[in-house]
Amino acid sequence: MDVNQPKQEHLLALKVMRLTKPTLFTNIPVTCEERDLPGNLFNQLMKDDPSTVKGAETLMLGEMLTLPQNFGNIFLGETFSSYISVHNDSNQVVKDILVKADLQTSSQRLNLSASSAAVAELKPDCCIDDVIHHEVKEIGTHILVCAVSYTTQTGEKMYFRKFFKFQTDEVFLEAQIQNITTSPMFMEKVSLEPSMMYNVAELNTVNTAGESESTFGARTYLQPMDTRQYLYCLKPKQEFAEKAGVIKGVTVIGKLDIVWKTNLGERGRLQTSQLQRMAPGYGDVRLSLETIPDTVNLEEPFDITCKITNCSSERTMDLVLEMCNTNSIHWCGVSGRQLGKLHPSSSLHLALTLLSSVQGLQSVSGLRLTDTFLKRTYEYDDIAQVCVVSSEIKQS
């Protein structure tokens, strides 16, 4: 993901790109029968498309590689690698440039910079490059914090930071239950009793023909040494979700209640102690979506509602909103407008309009919030996804 430094008085620009393997480009075949109106037009277009495999144009195969367009998901045990570049966009020589990259997890802050020494000077149109690596050993929110400090020709010391993070309100809990006895068990009940701040939804059933069926089938027997996974989704209750400072520090999510019977009908029960989770790291400013349509028309404006929360318990912020277009998402309205002061632990709702120029499942990205008091910029990409269809398809 290539992120451009927002327009401000800084002489340097910071760009960060995750280093991942490219993926094969896949095209979407569009065909018709020869007796249809287009005739052989679609088939000929696919044959002329350089991204298709000759002789297999309709199999969605590709020979071209595409670079990653965003940070994507980082999985446990994977090595996170990122390329960091600081470029001098000005016509001045800057001095004492120090680039620092930290990875903030739920339990610790790790310094990933290869060197802690400052660069003596950086001439115009020159850059400082660094590649960082980290093996992911924790589950939860990870925030990459990139900080740049330097000195101008006039001796003024400048400093700015940028954040790249993954955040969610929802907590997903997977419980693995294994029968370690020598006989089958009948699983009578496996439920999660949430703590007072959460509502829970069980994700262990599917809706078939209007009826709810267990994902484990009609028979809920657990054979010896077999393991079964139960999945639950917890969401903060509305009264607590409004209080960013409260829900941010919540670590207790609830307890499991498990009831079973042996093959002779003997009943057993196990209730766990309160389950703990790692508190999420929302940072200072949190942006979440309140409303967004599921499906929109191609090249037609649609509205979304965002909620911006000051997660700090002490500091008032003066925020400026910048909207950066992507290849498919285009924002409507004035970028760089003042949102005003946002007091600690308070929120504001913001209605925005945008449109998509590309069909398919598109990611809403490109929002930037700058705190003018501390000159910090917070970036929000991959906020949500929306399905974009042509107006003819939606009307039909």
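Modeller: Start with an open sheet of four strands, ordered β21-β23-β27-β25 and paired in the antiparallel sense. Its edges are β21 (285-291) and β25 (329-332), each of which pairs on one side only. On average, neighbouring strands here are turned by 40° against each other, direction ignored. The angle is taken between lines fitted to C-alpha atoms, on a scale from 0 to 180 degrees between N-to-C directions. Strands are DSSP runs of E with at least two residues, helices are runs of H or I with at least four, and both are numbered from the N terminus. Two strands pair if DSSP finds at least two bridges between them.

This is a predicted model: local features need pLDDT of at least 70, side-chain atom pairs count only at pLDDT 80 or more, and totals for chains, interfaces and linings use all residues. Residues are numbered from 1 along each chain as its sequence is written, and side-chain values use heavy atoms, leaving out hydrogens and water.

Inside the sheet, strand β23 (residues 302-310) runs antiparallel to strand β27 (residues 347-356), joined by eight bridges. Thr305 faces Ala351 of β27 across that pairing.

Now the packing. The largest nonpolar core has 29 residues, and Ile308, Leu321, Trp331, Leu352, Leu367 and Leu369 touch the most other members. Such a core is a set of buried Ala, Val, Leu, Ile, Met, Phe, Trp, Tyr and Cys residues joined through side-chain atoms within 4.5 Å. Buried means under 20% relative accessible area, exposed means over 50%, and partly exposed lies in between (1.4 Å probe, protein chains only).

Follow Leu321. Beyond four places in sequence, Leu321 is in contact (heavy atoms within 4.5 Å) with Ser335, Gly336, Arg337, Leu339, Leu350, Leu352, Leu367, Arg368 and Leu369. Another core lies apart from this one, with 24 residues, among them Leu14, Leu112, Ile128 and Met158.

Strand β24 (residues 317-323) is mostly covered, with seven of its seven residues buried. In a regular strand, side chains alternate between the two faces of the sheet. On one side of β24 sit Met317, Leu319, Leu321 and Met323; on the other sit Asp318, Val320 and Glu322. Both sets are buried. Two partners pair with β24. Strand β26 (residues 337-342) runs antiparallel to β24 over five bridges, with Leu321 opposite Arg337. Strand β29 (residues 367-371) is antiparallel to β24 too, again through five bridges. There, Glu322 has Arg368 as its bridge partner.

Next, a second sheet for comparison. The open sheet β11-β17-β13 has three strands with antiparallel pairing. Its edge strands are β11 (171-178) and β13 (198-202), each pairing on one side only. β13 meets strand β17 (residues 227-236) over five antiparallel bridges, and Glu202 stands opposite Tyr232 in β17. Arg228 lies over the face of Phe216, 4.5 Å from the ring centre. The cut-offs for such a charge over a ring are NZ of Lys or CZ of Arg within 6 Å of the ring centre and within 35 degrees of the ring normal.

Two backbone angles deserve a check. Most residues other than glycine have a negative phi. Asp96, in strand β5 (residues 94-104), has a positive phi of about 50°. Its relative accessible area is 43%, which makes Asp96 partly exposed. Asp382 also has a positive phi, near 55°. Asp382 is in the loop between β30 (376-380) and β31 (384-389). It counts as partly exposed because its relative accessibility is 34%.

Arg267 is in strand β19 (residues 267-271). This arginine counts as exposed because its relative accessibility is 56%. Arg267 and Glu188 are 79 residues apart in sequence, yet 9.2 Å apart C-alpha to C-alpha. Leaving out neighbours within four places, the contacts of Arg267 are Glu188, Val259, Trp260 and Lys261.

Finally, the whole chain. It holds four helices and 31 strands. Of its 396 residues, 38% count as buried. Among contacts between residues at least 6 apart in sequence, 69% join residues at least 24 apart.
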